[in-house]
Amino acid sequence: MNVLVTGGAGFIGSNFVLQILKEHPTYRVVCLDALTYAGNLSTLKPVMENDNFKFVKGDITDRELVNKLFEEEKLDFVVNFAAESHVDRSIEDPGIFLRTNILGTQVLMDASRKYGVKRFHQVSTDEVYGDLPLDRPDLFFTEETPIHASSPYSASKASADLLVQAYHRTFGLPITISRCSNNYGPYHFPEKLIPLIIIRALNDEPLPIYGTGENVRDWLFVGDHCTAIDLILHKGREGEVYNIGGHNEKTNLEVVKAILKELEKPESLITYVKDRSGHDLRYAIDPSKTRSELGWEPTTLFDEGIKMTINWYLDNRSWWNNITSGDYKDYYVNMYGDRKGEE
Ligand code: NAD
Ligand code: TYD
């Protein structure tokens, strides 16, 4: 099998690349990534020398490059992780979110049609469902919950989902979509809540909590997300949406306090700051369809996963030091040089 993983130098995509090469040693994986501020090639260092892996630096909105890649690589599966992914940035500058997340998805699907891939999998998010009220813990997002996006980020992901479903209905493109809750784990870019808090707490810096800190997220360890995508690719039904999440709901304050306790840092570091505009109150996934059809269960509960994540950040300071200092931007030039792949 030849698998294209877009956005494979980002947080979830890189975890997926590392996992799929381990789980399916005969598969060939091609990673297409533009190496935006969120892409970090050093994450893929462990597989750079693997004969079954190839890295291509490029933008999913570049139709010529994408078509050439599809022609050369004879792809069976496409897994589209590539996206602008940070809600706060989408509030500052929505345009790039529409370009990458919607138009980029279209370019990839056009190539998938043209070159006849067996499966186009769109990695989506529970944020396309909007939010749930804090006082209704009985409510969860199912695959039937109407799309109701709040931020330019979630609106761009929702738009892409609609387009993916339209390509299935109109052109018969063999697609699947997964909608996952908030991920955490190794290689998470330090602008997102959990790595941001770990790194700032380690530096004894104030920890910014938006609003009251009562907003709820349903946290999933990244490896469990990758396992679910692997199952959907191989066993999921064409044209279907699968929710991925694990009944690990926490308020932001609970998450931050858990990190402080583990690091033995004082809660006095917590600083309440102005709330995010349009801030979604609660996300909570009902994963019963994915569980009953594919036999998927999350294996890492939050208490265990957060310790593993904190330990990973403690053991891999150079990875995030490079990011926080900006040095990672030179990594591609320094380490990649004349190796395999394309500029
Ligand atoms: P990320 O921001 O860490 O990584 C995104 C990657 O995409 C980066 O490597 C970046 O260089 C690449 N990229 C961006 N624009 C590109 C372009 N135009 N062409 C090629 N590559 C480009 O994101 P993430 O957190 O790993 O999220 C991956 C996917 O999962 C996204 O589609 C996101 O919407 C979805 N998702 C994320 C979460 C989460 O909690 N992080 C939850 C559910 C779904
Ligand atoms: P984030 O990691 O940006 O993910 P998302 O917005 O996609 O859920 O934020 C997770 C939660 O943490 C969200 O409710 C916003 C909140 N948050 C803070 O309180 N402070 C911060 O500095 C950040 C980045 C997020």
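**View 1. Alanine 38 sits in the loop between strand S2 (28-33) and strand S3 (53-57).** The model shown here is predicted. Alanine 38 has 23% relative accessibility, so this residue counts as partly exposed; the cut-off for buried is under 20%. Phenylalanine 189 is 151 residues from alanine 38 in sequence. In space, the two residues are 6.6 Å apart, C-alpha to C-alpha.

**View 2. Helix H7 covers residues 222-235.** H7 has 14 residues. From its first C-alpha to its last, H7 reaches 20 Å. That is close to the 20 Å expected at 1.5 Å a residue. How many residues of H7 are buried? The count is 11 of the 14, so H7 is largely enclosed by the rest of the structure. The run Val222, Gly223, Asp224, His225 and Cys226 is among the buried residues. Ala228, Ile229, Asp230, Leu231, Ile232 and Leu233 are buried too.

**View 3. Helix H10 (residues 302-315) crosses helix H11 (residues 317-325) at roughly 75°.** The axes of H10 and H11 come within 5 Å.

**View 4. Residues of H10 meet residues of H11.** On the H10 side are Trp312, Tyr313, Leu314 and Asp315. On the H11 side are Arg317, Trp319 and Trp320. By class, this contact of H10 with H11 has 5 nonpolar residues and 2 charged residues. No polar residues take part.

Terms used: Residues numbered from 1 in each chain as written. Chains lettered and ligands numbered in written order. Predicted model: local features only at pLDDT ≥ 70, side-chain atom pairs only at ≥ 80, totals over all residues. Heavy atoms only, no water. Helix = DSSP H or I, 4+ residues; strand = E, 2+ residues; numbered from the N terminus. Expected span 1.5 Å × (residues − 1). Buried < 20%, exposed > 50% of the residue type's maximum accessible area, 1.4 Å probe, protein only. Axes fitted to C-alpha atoms, helices over the stretch in contact; angles between N-to-C directions. Contact = heavy atoms within 4.5 Å. Nonpolar A, V, L, I, M, F, W, Y, C, P; charged D, E, K, R; others polar.
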